[in-house]
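Biologist: I am new to this structure. Please walk me through how to read it.

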Amino acid sequence: MIVKANAGVLGTGHYVPERVVTNADLEKMVDTSDEWIQERTGIRERHFAPDGVNTSDMCTIAAKQALDMAGLSPEELDMIIVCTLTPDMTIPSTACIVQKNIGAKNAAVFDLYAACSGFAYGAITATQYIQSGMCKNVLVIGAEILSRYMDFTDRNTCVLFGDGAGAAVFGQVPEGYGVLGADMGADGNGGKYLNIPSSGVAILPTDEARAKHLTYIKMDGKEVYKFAVKVMGRTAEKALTRAGLSHEDIDLLIPHQANIRIIQSAAKRLHLPMDKVFVNIHKYANTSGASIPIAMDEANRQGRMKRDDIVVLAGFGAGLTWAGLVMKWY
Ligand code: ACO
């Protein structure tokens, strides 16, 4: 492909619902302890959306913040990609609802399904449209209300997830800046390790499906863990190689926030000290597709990225899927 423009981040935003649920709160629901959760995952608390608040509502708030920082009006967006596994409904797409909410009348829109790798997949997709010259400004949002798919009788999963949304506007940046390299992939054989059986047309959410808890997240934590420690560092390395860089060039790694031990093992593989790794899992738990953009916005607003810094995003998730992205911050 002839690259007509370089694609980089022009603005970021995020939103998490007000309600905080601590490990102590979960101790009252299932046989668990604050000590176990913190030691095994790094999570202290998470946020849950109240009834009546939907994924599109959180997307809308995060999107407005990102547009504001980018200094763009909604009409200047050519595309909106919402990366989520918890859409408001199947049709219309959540991206259509966000388009209406923010008044982005010139944007083509769609939802993208890649679970926790979703935002990285979306960012790579946005980059292609900008590099080809087809789009100038693309809004990518990762957002989830996972609390509505959590089984609060299953301690193996209900302590791990939270709700939230993060957004980034990708647009044209000068040559040498923005996305320099990327990697994405999937292994459909691993679908059995992490799924919500009754969340589509295969098993409809009947009373029977609900009684069997099939409308909730099912996970083989050990298998997902083994996969995650293997792919998170590897996808970052592949993206770095494609950018003509190595781990020594990384100024900040923004990993998917699923488990502090998985993050630490990716950092080790990349020979990175933890002060070059952005971590906020203790506050939000695993917000799936929202985790990387929430972290990127927090890091951005804290001044953790400076012009010329090499910033790496790395994610993995259900599917199984993975994706990595290397950017020179502008
Ligand atoms: N509280 C107390 N004990 C618990 C809890 C809990 N919340 N959950 C599990 N245990 C118990 C288990 O029952 C087990 O007990 P047993 O030995 O008597 O059977 C014991 O703790 C150890 O369980 P393990 O599964 O070995 O614990 P592990 O250290 O592997 O941690 C965890 C489990 C946190 C789930 C880990 O495997 C993990 O993080 N896996 C990856 C999960 C992940 O990243 N998922 C998200 C993917 S992204 C997406 O697309 C949504």
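Biologist: Which element gives the largest share of the shell around the ligand?

Modeller: First, the ground rules. This is a predicted model, where local features need pLDDT of at least 70 and side-chain atom pairs count only at pLDDT 80 or more, while totals for chains, interfaces and linings use all residues. Residues are numbered from 1 along each chain as its sequence is written, and side-chain values use heavy atoms, with hydrogens and water left out. Helices (H or I, at least four residues) and strands (E, at least two) are DSSP runs, numbered from the N terminus. Here, H8 supplies the largest share of the shell, four residues.

Biologist: Which residues are closest to the ligand?

Modeller: A residue is near a molecule if one of its heavy atoms lies within 4 Å of it. In this model 27 residues surround the ligand, and the closest are Thr32, Arg40, Cys116, Lys222 and Asn259. Helix H8 (221-242), helix H9 (260-269) and strand E12 (310-317) are among the elements that each supply at least two shell residues.

Biologist: What polar atoms lie by the ligand's oxygen and nitrogen atoms?

Modeller: A polar contact is a pair of N or O atoms within 3.5 Å; within protein, one must be able to donate a hydrogen and the other to accept it, and residues adjacent in sequence count only if both atoms are side-chain atoms. A ligand oxygen is 2.7 Å from an N or O atom in the side chain of asparagine 259. A ligand nitrogen is 3.0 Å from a polar backbone atom of glycine 221. Alanine 318 places a backbone N or O atom 2.7 Å from a ligand oxygen. Taken alone, the ligand exposes 1,000 Å², and the protein buries 77% of that. Such areas come from the Shrake-Rupley method with a 1.4 Å probe; for residues, only the protein chains shown count as cover.

Biologist: Is serine 56 buried or exposed?

Modeller: Buried means under 20% relative accessible area, exposed over 50%, partly exposed in between (1.4 Å probe, protein chains only). Serine 56 has 3%, so this residue is buried. It lies in helix H3 (residues 55-70). Its side chain makes a polar contact with the side chain of aspartate 88 (2.5 Å).

Biologist: Where does arginine 44 lie, and what does it touch?

Modeller: Contact means heavy atoms within 4.5 Å. Arginine 44 lies in the loop between helix H2 (34-41) and strand E3 (45-47). Not counting residues up to four places away in sequence, arginine 44 touches Thr22, Asn23, Gln38 and His282. Arginine 44 counts as partly exposed because its relative accessibility is 46%.
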